[in-house]
Amino acid sequence: MFLANATPLMADLPDRPDIPFTALVAEAENVVRDGFTDGELCGLGDVQLTVELLSGTMRAGMERISRDPDALSQLSEAQEIVLAAITRDKG
């Protein structure tokens, strides 16, 4: 779903409950909301914006991999960057 030109962009899809992205986004928003509430995630508290930024980050990573399949080995680095950006330092 993140590969370039593989599917329409989420913004291009109608906002209906039967669209698979709707359930995926709702669940991602629940996880982020819970993370803000319990202090696990840091941020400004804007759940929708956080999910949109995370989705954009993942799409950018997948677009890179679609151009250069060898970049798949760097995906764990991208995950570390994303997690470092949104998790609280417990040290």
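**Surface, fold and nonpolar core of the predicted model**

The accessible surface of the protein chain amounts to about 6,700 Å², and carbon and sulfur atoms account for 58% of this area. The model is a predicted one, and of the 91 residues in its protein chain, 18% count as buried. The secondary structure consists of three helices and zero strands, so that the chain, read along the sequence, follows the pattern α-α-α. Among the contacts in the protein chain with a separation of 6 or more, 48% are between residues 24 or more positions apart.

The largest nonpolar core comprises seven residues, namely V25, V32, F36, L41, V47, V51 and I86. Helix 1 (20-37) and helix 2 (47-67) each contribute at least two residues to this core, and helix 1, with three residues, gives the most. One member of the core, L41, is in contact with V31, V32, G35, F36, I86, T87 and R88 once its neighbours within four places in sequence are left aside.

A charged residue, E29, lies in helix 1. Although E29 is buried, it has no salt bridge, and the nearest side chain of opposite charge, that of R33, is 4.5 Å away; this pair does not qualify as a salt bridge because the criterion requires a side-chain nitrogen of Lys or Arg within 4 Å of a carboxyl oxygen of Asp or Glu. When residues up to four places away in sequence are not counted, E29 touches V47, Q48 and V51, and of these contact partners V47 and V51 belong to the largest nonpolar core.

Key: Residues are numbered from 1 along each chain as its sequence is written. This is a predicted model: local features need pLDDT of at least 70, side-chain atom pairs count only at pLDDT 80 or more; totals for chains, interfaces and linings use all residues. Side-chain values use heavy atoms; hydrogens and water are left out. A nonpolar core is a set of buried Ala, Val, Leu, Ile, Met, Phe, Trp, Tyr and Cys residues joined through side-chain atoms within 4.5 Å. Buried means under 20% relative accessible area, exposed over 50%, partly exposed in between (1.4 Å probe, protein chains only). Helices (H or I, at least four residues) and strands (E, at least two) are DSSP runs, numbered from the N terminus. Contact means heavy atoms within 4.5 Å. Accessible areas come from the Shrake-Rupley method with a 1.4 Å probe; for residues, only the protein chains shown count as cover.
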